Protein chains: 2
Amino acid sequence: MHLLDYFLNIHFKQSQGCFAIFGFLDFLMKKKEKITIHDIAMEVGVTASTVSRALNNHPRISPATKKMVLEAARAINYKPNRIAAALRHGKSKLIGIIVPTINRNFFSSIVRGIEEYANARDYKVMISQSYDDYKKEVETIDALLDARVDGIMVSLGKNTHSFAHFESVIQKGIPLVFFDRTTDELEVNQVIIDDYAAAYQATNHLIRQGYCHIAHFTSHMKIKIYQERLRGYTQALLDNGIHFDAKMVVESNMQLDGGRNSARFLLDQSFGFDAIFSASDYAIVGALQELKKNQVRIPQEVGLIGFSNEPFTEFTEPALSTVDQKAISIGENTAALFFEMINGDSRPKPRIKKVLDANLIIRTSSSRIPNIQLNTNSTNPE
Amino acid sequence: MHLLDYFLNIHFKQSQGCFAIFGFLDFLMKKKEKITIHDIAMEVGVTASTVSRALNNHPRISPATKKMVLEAARAINYKPNRIAAALRHGKSKLIGIIVPTINRNFFSSIVRGIEEYANARDYKVMISQSYDDYKKEVETIDALLDARVDGIMVSLGKNTHSFAHFESVIQKGIPLVFFDRTTDELEVNQVIIDDYAAAYQATNHLIRQGYCHIAHFTSHMKIKIYQERLRGYTQALLDNGIHFDAKMVVESNMQLDGGRNSARFLLDQSFGFDAIFSASDYAIVGALQELKKNQVRIPQEVGLIGFSNEPFTEFTEPALSTVDQKAISIGENTAALFFEMINGDSRPKPRIKKVLDANLIIRTSSSRIPNIQLNTNSTNPE
DNA sequence: CCAGCAAATGCAATCGATTGCGCTATTATA
DNA sequence: TATAATAGCGCAATCGATTGCATTTGCTGG
């Protein structure tokens, strides 16, 4: 009886000759965190190689042996040490994610999508935040490389205008996928939504509601999504015969205060405006606050539409129209793209760009025509 | 020249006799992901043991050698393989975090606190979400154990009323720290805020504002924080000579819809109420919506206070008073507790319970007396 | 001038799982 | 029946870093 030998031997050594009789399982429990394939091997009476192959369902292992190994593994509560496996075949089964901040419904939902897709395939996820800080983003890339992740998924920080830190990832041959906040300056796969179409749709909706002096809140033009949203906004104006006025495009940090400032700027100017299409929900809330403070009635005098469908857009008074980006779907597609990359043959492929559709959610803030006005509670955020 | 030998040797083998002359650095770059201490050893002309010791600042290595090793490491862009190190000394330098959902300012801020504290000590963090689902929580514990994390930090899911999955963590000797949503049924270290004091303070504030029929929104009583908040609420009433009425305590899921339903329930009852202290910001927003729908004026007729200082509490009309839990500080303290556990001697210690103070933020929703009313924009969420 | 000690490194085993190669039986083929 | 093929499994090296013990070198004091 192999296990008995082992049991007596080890335990004898450990306790200096003074030992009591435990049950085997009890003994193995006492081992704590130390159950390896060798323990299984001993139990079954084969070598560790065979156990390893059995556990990995290797074709050259007989069904009978496999069964015994599996049973023994379960019996002694074996957990594979994925660190050892990782060292051996150079794959950590870890995926690194970098987002500007996790504290946004949009990003945390994407992460959720990635996580569920990856977990189902026995991959774990490491989440890092760049806080929109370039330096932190560079450090984070380094940290993930340090952790030996098998792939990295990134949404760029707002202040990232140089991409050398990604070059090194690419050069090391580590799969890299961008989502949402991407750039065209790198030859990488990416998953984005059709920002252009969404912006076009939103602007068009405002026009249909009778608004015709529509302002646009945007952020740094280095970021693709803002370019696209601006493009959609512009095109919608043109297609409806509305004059595009560059003064109506206001750039800010897209945060609450940025939105307030931009709204104040618009109010201070002499040219009139009767609607705002903002590329960010946060900025539009800031604008809402500023406008209300100045007794501007929403949506009667000014119509508002945000972007991202953050949960709080439902909480405001009035509820804000916005664009839902189907974040979970973005996450799933990003993860799927990663798995395509590691599973496919290694022939160099052209860049893949998945473009998903977004979804305009019309609430009170942009509904001036009564019969189109929708219920505030049309979607449930929880 | 050691490196030259190596270079010729390896490269010769790899390219079957057909090789070109690269620079050394260039060659090493081409190695991609494969630079180990052996490469450094070869470069410097010592063994891997020496390199390892030099890199770890071992006292028995001469300063001269250390310097050479460090320089060579930098020169060939060496990155330690922490997987190999992890395998060797059984420490992954990974910390697992489980939160109900990352999509809450409160939790993501805690995570941020933990992350920064841990990263500064060369530990990485793995974040998992339980989505308040018991089954998922159990699976997640398993996944983290699988990933060989060195410790686990948890905030319990709402539906977790059994704790066997944590027993196994404790038994394996893996440091376990609870934060915020904890239980007394386990003998574990924990970091919490003084929910009792915060609730007392909030209720007391309402009373000072002249509200005297104060309702309380709460959730499942298995969770310590809700017990404590209820206790604070009750005590404040008693201390002010206000009769405690169990009918005024309404239990729900603490989500938006739960808050709406609870508010409707209060409105439907014959007994009057003129204030609500909610143990959740989400529920109080639901209540706010429901009350406004019924033309109840806030704060004139009914005063409201939430809990957690979620960013959106500033966006509502009127802005909501709430309790700030200093989430980042909770995170830092939780991480600090973890490091105390792994660094201290291994003698069994009594359970540690860190209790931090919370901070009442008074906004319009509970400010009936003009001269106490504060500015809506008193704090900046970004 | 040599034992004795310490400083500085090297040797080799180890962590746990994986895998190419090789060795037996057993079965199939000629 | 003899040989080839194949299934089933063991041996030992390997992944990269770490570490107890052994070894070498240099120096000091008797």
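Which side-chain atom of B:Ser52 is 3.0 Å from a phosphate oxygen of DNA strand D? It is an N or O atom.

This is a predicted model, in which local features need pLDDT of at least 70 and side-chain atom pairs count only at pLDDT 80 or more, while totals for chains, interfaces and linings use all residues. Residues are numbered from 1 along each chain as its sequence is written, chains are lettered from A and ligands numbered from 1 in the order in which they are written, and side-chain values use heavy atoms, with hydrogens and water left out.

The table lists polar contacts (pairs of N or O atoms within 3.5 Å).

| Residue | Atom of the residue | Distance to a phosphate oxygen of DNA strand D |
|---|---|---|
| A:Thr47 | polar side-chain atom | 2.8 Å |
| A:Ser62 | backbone N or O atom | 2.9 Å |
| B:Ser52 | side-chain N or O atom | 3.0 Å |

Two or more residues of the surface near DNA strand D come from each of α4 and α6 of chain A and α4 (48–55) and α6 of chain B; helices are DSSP runs of H or I with at least four residues, numbered from the N terminus. With 4 residues, α6(B) gives the most. A residue is near a strand if one of its heavy atoms lies within 4 Å of it. Of the 24 residues around DNA strand D, A:Thr50, A:Thr65, B:Arg53, B:Tyr78 and B:Arg88 come nearest. Sugar and phosphate make up 53% of the atoms of DNA strand D that come within 4 Å of the protein.

**The two copies**

Chain B is superposed on chain A by a rotation of 180 degrees with 0.0 Å of shift along its axis (RMSD 0.0 Å), by least squares on the C-alpha atoms of residues with pLDDT of at least 70 in both. The two copies are therefore related as by a two-fold rotation axis.

Methods. A polar contact is a pair of N or O atoms within 3.5 Å; within protein, one must be able to donate a hydrogen and the other to accept it, and residues adjacent in sequence count only if both atoms are side-chain atoms.
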